[in-house]
There are 2 protein chains.
Amino acid sequence: MFVNRMARYEVLSEDALEHIDRGWRRLVTELGIEFLHPEARRLLEAAGQDVDGTIVRLDPDFVLEQVALAPESFTLHGRNPAHDFVVGGEHMAFCPVQGPPFVRRGSERREATLADYDDFCRIAQRLDDFDTAGFLPCEPNDRPLDSRHLDMQRSLVELTDKPHGGAGISEVAAQDSIELARIVHGADRLEAEACIYTVVNVNSPLRYDDRMLGALLEYARARQAVIITPFLLMGAMSPVSIPSALVQQLAEVLAGVALVQLVRPGAPVVMGSFLSHTDMKTGSPGFGGPESALGLLASGQIARRYGLPWRSGGGALTSSPAVDAQAAYEGMNTMYPAFLSGANLVIHTAGWLESGLVASFEKAIVDLEIVRMLREQFTPLEVDEASLAFGAHEEVRHGGHFLGCAHTMERFRTCFYRPLLSTTDNFERWTRNGAHDAADRAGALVTATLESYETPPIDPALRDEVRAFVDRRRRELGD
Amino acid sequence: MFVNRMARYEVLSEDALEHIDRGWRRLVTELGIEFLHPEARRLLEAAGQDVDGTIVRLDPDFVLEQVALAPESFTLHGRNPAHDFVVGGEHMAFCPVQGPPFVRRGSERREATLADYDDFCRIAQRLDDFDTAGFLPCEPNDRPLDSRHLDMQRSLVELTDKPHGGAGISEVAAQDSIELARIVHGADRLEAEACIYTVVNVNSPLRYDDRMLGALLEYARARQAVIITPFLLMGAMSPVSIPSALVQQLAEVLAGVALVQLVRPGAPVVMGSFLSHTDMKTGSPGFGGPESALGLLASGQIARRYGLPWRSGGGALTSSPAVDAQAAYEGMNTMYPAFLSGANLVIHTAGWLESGLVASFEKAIVDLEIVRMLREQFTPLEVDEASLAFGAHEEVRHGGHFLGCAHTMERFRTCFYRPLLSTTDNFERWTRNGAHDAADRAGALVTATLESYETPPIDPALRDEVRAFVDRRRRELGD
């Protein structure tokens, strides 16, 4: 997996960090956080926090004591141990887009199905760029709502052997996901190590709803990983000020982390960040602009200050409805900050289109090229005597050409980044080859990726056990 | 103009910088630099350097003594003093693409003409994003080769009142450019201040040719600004190793800077950097990849170490033949490092397409959006008590919505970046409006920009004097 050994780019001064620290403390003390699940309130009350109806006013020092119990990094285990990955430190793990109800491939745009879901699983398995398929690269709308998490997890288990996510939509779905993980990894291992993770979105501002809390409590009890992510569109779920949104994000995350640690001290938990803005002219969400880039840079710095691994919302975000220049510059403008600030888990790495409504196969390839370029450029330059290649200069001298010199001949295969999608063809050659723009070419690469996919081996007994569980639970859920 | 008050992102360790320092010293000492102009060799020999045929072996300490005479920053003066800009320090100035022989607008791709040249001058004048039109946004192929620099400079004087560049192609053309600047600014002012600048490309590796040196000597004598730029495509003009290319770039630049300072101590001079790679599969140049990004980050750090203002080659570079996703992510991948490393003069800011063969009007708009986003995001976040907007949280509370709250209502017009080109329209609305992708929409913005252009006022006597000079010199040059 990728380890980002470059320096972190820090945008907040010590003074700014102090302001933000005072800010979250004031929010949780004076306004408190709303927890719409009685068990969450009971746990917090038992720990001495001030419960007033559904609102819990928290002692910030208590919160930080709980946060200190969370591990700074942990390993997520896959069915194939070769694909285990670390969340935290200098590690960066990459996950495709999550959540879109629609897919787009070529000119076809339609509701996503389980077949599309499976294709995204195959792509995430096939390409080394991905450490995980996540849990929801797109919504399988052709499966019944209450039991589709079972279909999804079955696909994840059978089509990939990398670590994957589980359902976070409700307590019941979370129990199913964890039980399936127990079948795959065994009860002992699940007790000891993180084998599945879920994203818990806060119902910002300052509220956790009962379904999300139900899932959070289940994963925490099972000692599996919870990624707590306030989904903040400034102007909608938070004020129209980046510092204010950062403070709110921190208050919400830390409250959730404290709750996880109350349930199960030492349980793996991740600070999530997903901060963008509302276009004030249209009321639509906007992605990939300066606000989300600054939010990413600041969030990384804040996560490190509080000793938490962190997940970035960005990825390659965009509001563009097409796989065009806007999709690419907005995507790059969220991915670059994710690297600069060393995001530990990059969700929405590839495929996000139309403000997240669409999972685009072609956009996924565009985004992978972006990730590959950035991995290369966030690898420290080795500067030593040999790298200065004085001998090449001695050979070529003044006004010469390095194409045929010994130094080049020894290195030409590996000396530069080899693009996946980008072309250096001149106009004549490009035209002769059909004048395919990047989106066209990405389409061909999608096809090639899917054609070269191979199902990873699985013990038939395990496969049957998973299927039997899925079938039984589907019946029990009435589907 | 834009002042980049964010931190610089530094990719080279102190140890790496020491290696690079030893590297350029060895190159200029052991191999030397070739100067194909007798006056340059005479000057260097008189200063005690070792001249051997056309090769000059330089004493690195002498070179650094000369470099120390160059100003760390200087002001470039325009016909309208409101447009003067600073080169150096935290300032960043932006210049459109320079040099393409072709233009593209919509689906039309053809040889550039003076009419295209004039349109780029108008765009550079019209939009505040540009500090200068440069000297050659595209090549006016419909004008005679030997005198077209006169047509170009006449356009620059009449269509813009911002500082602009001058010819660097030969001694004679340089003399014309400087004489025209003297007409516009007056001899006294030209003697005291920088009113015109030129780019001198080194004939890398390790060679300055007679034409470029002729121009360099003219500008230096006139105390006008010289931007010394090795144009390094690794694998062609330099070895296939970034550290080696950085060392070569530094050796070439410092030798040129030393020469300028010998001619005229204190003359303004800029370290240019233009470092990319050769695609080893096709032999074509490649732009916008990880190599040029790393080259940019390292070059800024090196320029600061040697106390020189620096010019970045990037800009928004790409090898793409279309205004597509590749053009945008490669453009962003060279512009982002230019901001991270605080380039003082960004050439090729907007319009570069097809590895620099084409000046694209639509790409210019795409690139301007990139620049605008980055200006916004390289403006330090102000984090103070007021920015935390506690009152907004008190008003909205748990699970509420910030769209209508007082804090938002007071700020909604200015709180977020307002895009030039990007859309947040949902799919239905976007489709209803014609399903125009970013390149299409950019085309409409090009038209609107040109339609709203106004010729800046000029003293008719000055205009006539410029025209008379241009006409006379054109005749003398036989065109």
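Two residues are in contact if their C-beta atoms, placed from the backbone, lie within 7 Å. By this criterion, the contact between the chains takes 102 residues from chain A and 103 residues from chain B. Helix H11 (residues 325-340) of chain B supplies the largest share of the side of chain B that touches chain A, namely ten residues. By class, that side of chain B divides into 55 nonpolar, 30 polar and 18 charged residues. Here Ala, Val, Leu, Ile, Met, Phe, Trp, Tyr, Cys and Pro count as nonpolar, Asp, Glu, Lys and Arg as charged, and the others, Gly among them, as polar.

The structure is a predicted model, in which local features need pLDDT of at least 70 and side-chain atom pairs count only at pLDDT 80 or more, while totals for chains, interfaces and linings use all residues. Residues are numbered from 1 along each chain as its sequence is written, and chains are lettered from A and ligands numbered from 1 in the order in which they are written. Helices (H or I, at least four residues) and strands (E, at least two) are DSSP runs, numbered from the N terminus.

Two packed helices are described by the angle between their axes and the distance between the axes. In chain A, the axes of helix H2 (residues 38-46) and helix H9 (residues 242-263) come within 10 Å and cross at roughly 80°. Axes are lines fitted to C-alpha atoms, for helices over the stretch in contact, and the angles run from 0 to 180 degrees between N-to-C directions. On the H2(A) side, A:Ala40, A:Leu43 and A:Leu44 meet A:Leu259, A:Leu262 and A:Val263 of H9(A). The contact of H2(A) with H9(A) has six nonpolar residues, no polar and no charged ones.

Helix H6 (residues 171-185) of chain A has 15 residues and should span 21 Å at 1.5 Å a residue; its end C-alpha atoms are 21 Å apart, which agrees. The expected span is 1.5 Å times one less than the number of residues. Among the residues of H6(A) that are buried are A:Ala173, A:Asp176, A:Ile178, A:Leu180 and A:Val184. A residue is buried if 20 or more other C-beta atoms lie within 10 Å of its own, exposed if 12 or fewer, and partly exposed in between. The cover over the buried residues of H6(A) includes helix H5 (148-159), helix H7 (187-192), strand E10 (197-202), helix H8 (210-221) and helix H17 (460-476) of chain A. Just after H6(A), A:Gly186 takes a positive phi of about 90°.

Strands of a sheet pair through backbone hydrogen bonds, either parallel or antiparallel. Two strands pair if DSSP finds at least two bridges between them. Strand E15 (residues 310-313) of chain A is covered on both faces: A:Trp310 and A:Ser312 on one side, and A:Arg311 and A:Gly313 on the other, are all buried. E15(A) pairs in the parallel sense with strand E13 (residues 269-278) of chain A over three bridges, and A:Gly272 stands opposite A:Arg311. Three bridges also join E15(A) to strand E16 (residues 345-347) of chain A, again in parallel, with A:Ser312 opposite A:Val346.

An open sheet of four strands in chain A has the order E9-E8-E18-E17, with mixed pairing. Its edge strands, E9 (108-111) and E17 (352-353) of chain A, each pair on one side only. Strand E8 (residues 102-105) of chain A runs parallel to strand E18 (residues 358-360) of chain A, joined by three bridges, and A:Phe102 stands opposite A:Val358. Helix H12 (residues 361-377) of chain A packs on this sheet, touching E8, E17 and E18 of chain A, and its direction makes about 65° with that of E18(A).

Chain B also has an open sheet of four strands, in the order E9-E8-E18-E17 with mixed pairing. There, E17(B) and strand E18 (residues 358-360) of chain B run antiparallel and are joined by two bridges; B:Trp352 has B:Ala359 as its bridge partner. In the loop between E17 and E18 of chain B lies B:Glu354, which has a positive phi of about 50° although it is not a glycine. B:Glu354 counts as buried, with 25 C-beta neighbours inside 10 Å.
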